[in-house]
Amino acid sequence: MTVRLADIAAQAGVSEATVSRVLNGKPSVAAGTRQAVLAALDVLGYERPVRLRQRSEGLVGLITPELDNPIFPALAQVIGQDLTRQGYTPVLATQTPGGSTEDELTEMLVDRGVAGIIYVSGLHADTTADTKRYADLRAQGVPFVLVDGFSAKVQAPFISPDDRAAMTLAVAHLVSLGHTSIGLAVGPRRFVPVQRKMEGFVRALQDQLNLSPDLVEATLIQHSLYSLEGGQAAARSLIERGCTAVVCASDMMALGAVRAARQAGLQVPRDFSVVGFDDSPLIAFTDPPLTTIRKPVPAMGQAAVRTLLEEVGGTPAPHSEFVFMPELVVRGSTASRPKVRRSAA
């Protein structure tokens, strides 16, 4: 191996240590130097390590959370269809409880030589996660795009909905119906979309109802899980605090909020109004049909594909965030504030 390293180093005009770093996929090697080493491997007839072989133009990895939340398969469908139209084959890798981690799925996709990877609501959205994994991936020359979440530490293009604007739309709708005690049911605080929704919600209540930020954060925001059960628990707490309406961070949470209201002896929307987030497939057919904030899934999915393929083609997008405006969809789960607040049973 020493002789091979020496031969490669001589051919590429670099040190043996640099050759070693390239062959082992280590960061901190200039792109030109890395390419020179790979060219030397080819010239001398040595087989490239799997991780350094020419990437297939036909495969693009898509890593999503578990598919229980219908917004994720909806986004995966948009991305998959757009990739297929562009001549690529999507490889869907889904994280499941107790299953493969994001890092393990990334390694699997890289070993299979994908042309690039799109991450949806991954560790890049978790402010407590180590972002070094993305720097290492970039050092290996793998293009990637990150959807839902932002980190200034990660050098990559991001695709996001405007969570702050979404809260302004939801609060303005409920205030127009006469609600003055509005709660927010969201996921854990460490996630970027949660923090942005909180910021938008606090600002909206401050602007439209003149409520102090401290009061809003202390009494009108309830953290829970992104699930039906999580929304149910959060809404139960907000109902007990006297809220007549709730904005939820997902449609699944909103369905849980409807259940909590009914368990408390309240009718939706006569006694309690509920606003969801996403406008997931079939959500218009719930009982009652859910008023929600429509996430611009088609535009976001197509932008993710376009941005990734531009980078694959050698024209990388800048380290920036492309933000898409959501839309309020009014249906049957919101109504005027009840004149007499019925006590929770």
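Me: Which helices and strand each supply at least two residues of the lining of the largest pocket?
Reply: This is a predicted model, in which local features need pLDDT of at least 70 and side-chain atom pairs count only at pLDDT 80 or more, while totals for chains, interfaces and linings use all residues. Residues are numbered from 1 along each chain as its sequence is written, and side-chain values use heavy atoms, with hydrogens and water left out. Helices (H or I, at least four residues) and strands (E, at least two) are DSSP runs, numbered from the N terminus. The elements asked for are α4 (71-85), α8, α10 and β9.

Me: Where does Val194 lie, and is Val194 buried or exposed?
Reply: Val194 is part of helix α8. Buried means under 20% relative accessible area, exposed over 50%, and partly exposed in between (1.4 Å probe, protein chains only). With a relative accessible area of 0%, Val194 is therefore buried.

Me: Which residues does Val194 touch, not counting residues up to four places away in sequence?
Reply: A contact needs heavy atoms within 4.5 Å. By that rule, Val194 touches Val186, Gly187, Pro188, Arg189, His223 and Tyr226.

Me: How many residues has the largest nonpolar core, and which have the most contacts inside it?
Reply: A nonpolar core is a set of buried Ala, Val, Leu, Ile, Met, Phe, Trp, Tyr and Cys residues joined through side-chain atoms within 4.5 Å. The largest one has 45 residues, and those with the most contacts inside it are Phe201 and Val274.
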